[in-house]
Amino acid sequence: MGYIHPTITGSIAETNTEIQSYDSALKAAARFEAKQAELAAARAALPPDGIARLEGFLPDGVDNVQLIFDLDALASRTGVKLSEFTTSESNKPATGFAVDQASENSAYESSSPYDSLDLSMSATGSYAAFRAFLTGAETSLRPLDLVELSLNDSSTGVYTYDMTFRLYWLR
């Protein structure tokens, strides 16, 4: 009679665990490919003008010059004069907090799929013209938020408005 020590507990067990993790990774990759094909088919079903509108709504970059031209055209149609354009990074809060275990340093990192930029400007015009300008900016295709607004009083009915818009785009 003889006894053989089973080898299932040694390197074979480690190899089986590794094979199982690779199998689960392959299954996840297959699900990803199926979802990618489904989304590609859905995108192909969209009309080209709809895709162009979506890309205008959430662009993959910010074009400051074109946006300033668009806002200036809107302002001239509504009777408002724009000036003093400046851009800056937005002060939006970070959406994640990560700690580097090796160096024990902490840093904020954004997990957001979009980014933003603040565009500040001054506008001069009547209250009715400024309201028309804001309504046009609100209904524009480009997503932007008015995050800051101040006005300087005037006895002539022509006011100076200092405002900051936050612009968004996909990363």
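1. Buried residues make up 22% of the 171 residues in the chain. Keep in mind that this is a predicted model. The chain exposes about 12300 Å². Carbon and sulfur atoms supply 57% of that area.

2. Next, the layout. There are four helices and six strands in the chain. Read from the N terminus, the order is α-α-α-β-β-β-β-α-β-β. Among contacts with a separation of 6 or more, 70% join residues 24 or more positions apart.

3. Look at helix H4, which spans residues 127-138. H4 has twelve residues. From its first C-alpha to its last, H4 reaches 16 Å. That is close to the 16 Å expected at 1.5 Å a residue.

4. Which residues of H4 are buried? They are Ala 129, Phe 130, Phe 133, Gly 136 and Ala 137. Around the axis they cover an arc of only 120°, so they sit on the same side of H4. The other side of H4 has exposed residues, Ala 128 and Glu 138.

5. Now the aromatic rings. The structure holds four aromatic pairs. Phe 130 and Tyr 161 have ring centres 3.8 Å apart and planes at 5°, so this pair is stacked. The cut-off for stacking is an angle under 30 degrees. Phe 130 belongs to helix H4 and Tyr 161 to strand S6 (residues 159-170), so the pair ties together parts that are 31 residues apart in sequence.

6. Are Phe 130 and Tyr 161 buried or exposed? Both Phe 130 and Tyr 161 are buried. They also belong to one aromatic cluster, formed by Phe 130, Phe 133, Tyr 159, Tyr 161 and Phe 165. Two of its members, Phe 130 and Phe 133, are among the buried residues of H4.

7. Finally, check Thr 124. Thr 124 is found in strand S4, residues 114-125. Why does Thr 124 count as partly exposed? Its relative accessibility is 32%, and partly exposed covers the range between the buried limit of 20% and the exposed limit of 50%.

8. What does Thr 124 touch, leaving aside its neighbours within four places in sequence? Thr 124 is in contact with Gly 79, Val 80 and Lys 81, and with Val 158, Tyr 159 and Thr 160. Take Lys 81 as one case. Lys 81 and Thr 124 are 43 residues apart in sequence. In space, their C-alpha atoms are 5.1 Å apart. Tyr 159, another contact of Thr 124, is also a member of the aromatic cluster.

Technical notes:
Residues are numbered from 1 along each chain as its sequence is written. This is a predicted model: local features need pLDDT of at least 70, side-chain atom pairs count only at pLDDT 80 or more; totals for chains, interfaces and linings use all residues. Side-chain values use heavy atoms; hydrogens and water are left out. Buried means under 20% relative accessible area, exposed over 50%, partly exposed in between (1.4 Å probe, protein chains only). Contact means heavy atoms within 4.5 Å. The expected span of a helix is 1.5 Å times one less than its number of residues. The arc is that of the directions from the helix axis to the C-beta atoms. Rings of Phe, Tyr and Trp (its six-membered ring) pair if their centres lie within 6.5 Å; planes under 30 degrees apart count as stacked, over 60 as edge-to-face and the rest as tilted. Accessible areas come from the Shrake-Rupley method with a 1.4 Å probe; for residues, only the protein chains shown count as cover.
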